[in-house]
Amino acid sequence: MALDVEAIREDFPILRRKVNGKRIAYLDNAATSQKPLAVLEAMERYYRTCNANVHRGTHRLSEEATDAYEKARANIAGFINAQPEEIIFTKNATEALNLVASVVCRQAKEGQRILLTQMEHHSNIVPWQIWAAERGLELGYAEIGEGFSLSGQSVLEGLSGSPLIFSFTHISNVLGTINDAAWLCRKARQAGAYSCVDAAQSVPHMQVDVREMGCDFLAFSGHKMLGPMGIGVLYMRRRLQECLPPFLGGGDMISSVGFERSYWNAPPRKYEAGTPNVAGAIGLSAAIDYLRRVGMGKIARHEKELARLCVERLEAIGKARIYGPKKRAGLVSFNIGSVHAHDAAAFADGEGVQIRAGHHCAMPLVRMLGEAATCRASFYLYNTEEEVERLSHAMRKAQRALG
Ligand SMILES: Cc1ncc(COP(=O)(O)O)c(C=O)c1O
């Protein structure tokens with residue numbers, strides 16, 4: 001059964017907006033998604049009825065807020081088949097990846113290696129660079145091979161030196177490549193390395209199961225999956241939570257504090273210092289309920305079909321350079337002839353079509369493609385074929401005017 005996109009769109013008030021006199025076509029979902037009323041209402045309800053600080057009150061409101069916060073954690077855990085205590089709330093995927101880099105590298109020995117890939121977002125490169133410089137560690141990058149896929153050979157070579165950790169993206173936010181995360185985690189484990197999955201572009205769009213995947217860490221952001229900004233998640237395998245050090249210090253992450261030393265709270269609170277984003281966690285939980293009701297399988301099929309149509313229409317324009325494998329996630333990166341990506345995006349905006357143009361926070365990869373910038377259309381459950389046609393129409397106009 002296909003998605004009832006028209007019914008879904010009714011739940012997203014922002015999609016009724018006009019831009020430049022045209023109905024908005026929001027095709028920048030890899031950057032952030034729009035929010036359904038159910039999410040906005042859940043957050044408003046929390047602030048209207050039981051806003052209080054969590055884990056520290058003995059009054060009714062604090063108990064209710066704590067209950068709602070912990071229920072959200074359990075719901076999010078269930079969504080990726082984790083235990084509630086394995087879910088650590090962060091600000092976003094970036095903070096989750098910084099957390100992993102900090103707790104893993106602080107225990108590293110000089111000269112140890114960190115393995116990444118050539119298709120990483122800056123948030124899975126820069127934290128490792130910072131810690132590599134701090135601790136005298138080496139960085140390696142598994143290469144992109146044929147057809148915009150990771151080279152298995154290069155991964156195995158990178159792992160052959162038993163790196164400390166292999167941190168890789170599940171889905172590339174530029175290419176739409178879907179990496180075989182279970183295989184990559186297995187190979188990391190066999191090499192004695194931790195595995196860390198940047199799932200910022202996968203958890204919002206497909207069913208992810210951390211047990212099946214076998215990862216040690218997995219990071220994602222609430223705002224890319226219908227949830228609010230300011231809430232992210234780090235899954236950390238239970239056994240590692242005990243032996244790795246805390247990230248930030250402060251209230252809530254301790255069980256006892258003295259002038260000389262302190263003792264940590266049980267995980268996940270050991271990794272959540274200070275007042276958390278309670279409304280954000282509740283909003284993300286409501287987003288997950290929404291996604292579950294629609295069905296992750298249906299969402300993934302719908303987006304892939306839109307991406308397929310988009311590639312077909314762009315190829316028909318001629319002079320289109322399209323980056324990514326045939327079997328891609330629901331996003332398409334491209335350039336049209338000599339039209340600069342920013343000009344193409346401005347043409348699209350003129351038609352009410354919102355796409356991203358730039359390096360997509362993956363400068364090394366976009367440079368490898370031989371481009372300074374690309375356009376990127378990225379789809380979600382509320383997008384339609386008609387919106388893809390409108391993008392294609394705008395790109396034709398851009399090609400005629402500037403190409
Ligand atoms: C693959 C990937 N990783 C990490 C991030 C960082 O997400 P955030 O900015 O929400 O921390 C993004 C955001 O675009 C992404 O696409």
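Which strands does helix 11 (residues 296-317) lie across, and at about what angle does this helix run to strand 14? In this predicted model, helix 11 lies across strand 13 and strand 14, and its direction makes an angle of about 10° with strand 14. Helix 12 (residues 341-350) also packs on the sheet, where it touches strand 14, strand 16 and strand 17 (374-378), and its direction makes about 165° with that of strand 16.

The sheet itself is open and consists of four strands in the order 13-14-17-16, with antiparallel pairing. Strand 13 (320-323) and strand 16 (356-358) are the edge strands, each of them pairing on one side only, and neighbouring strands are turned against each other by 30° on average when direction is ignored. Between strand 13 and strand 14 (residues 331-336) the antiparallel pairing extends over four bridges, and Tyr 323 stands opposite Ser 333 of strand 14.

A further contact to follow is the one between two helices. Helix 2 (residues 37-49) and helix 10 (residues 278-294) have axes that come within 8 Å and cross at roughly 150°, and this crossing is right-handed. From helix 2, the residues Ala 38, Val 39, Ala 42, Met 43, Tyr 46 and Tyr 47 take part, and they meet Val 278, Ala 279, Gly 280, Ile 282, Gly 283, Ala 286, Ala 287 and Arg 293 of helix 10. By class, the residues of this contact divide into 11 nonpolar, two polar and one charged.

Note on methods
Residues numbered from 1 in each chain as written. Predicted model: local features only at pLDDT ≥ 70, side-chain atom pairs only at ≥ 80, totals over all residues. Heavy atoms only, no water. Axes fitted to C-alpha atoms, helices over the stretch in contact; angles between N-to-C directions. Left-handed = near helix turned anticlockwise from the far one by under 90°. Contact = heavy atoms within 4.5 Å. Nonpolar A, V, L, I, M, F, W, Y, C, P; charged D, E, K, R; others polar. Pairing = 2+ DSSP bridges.
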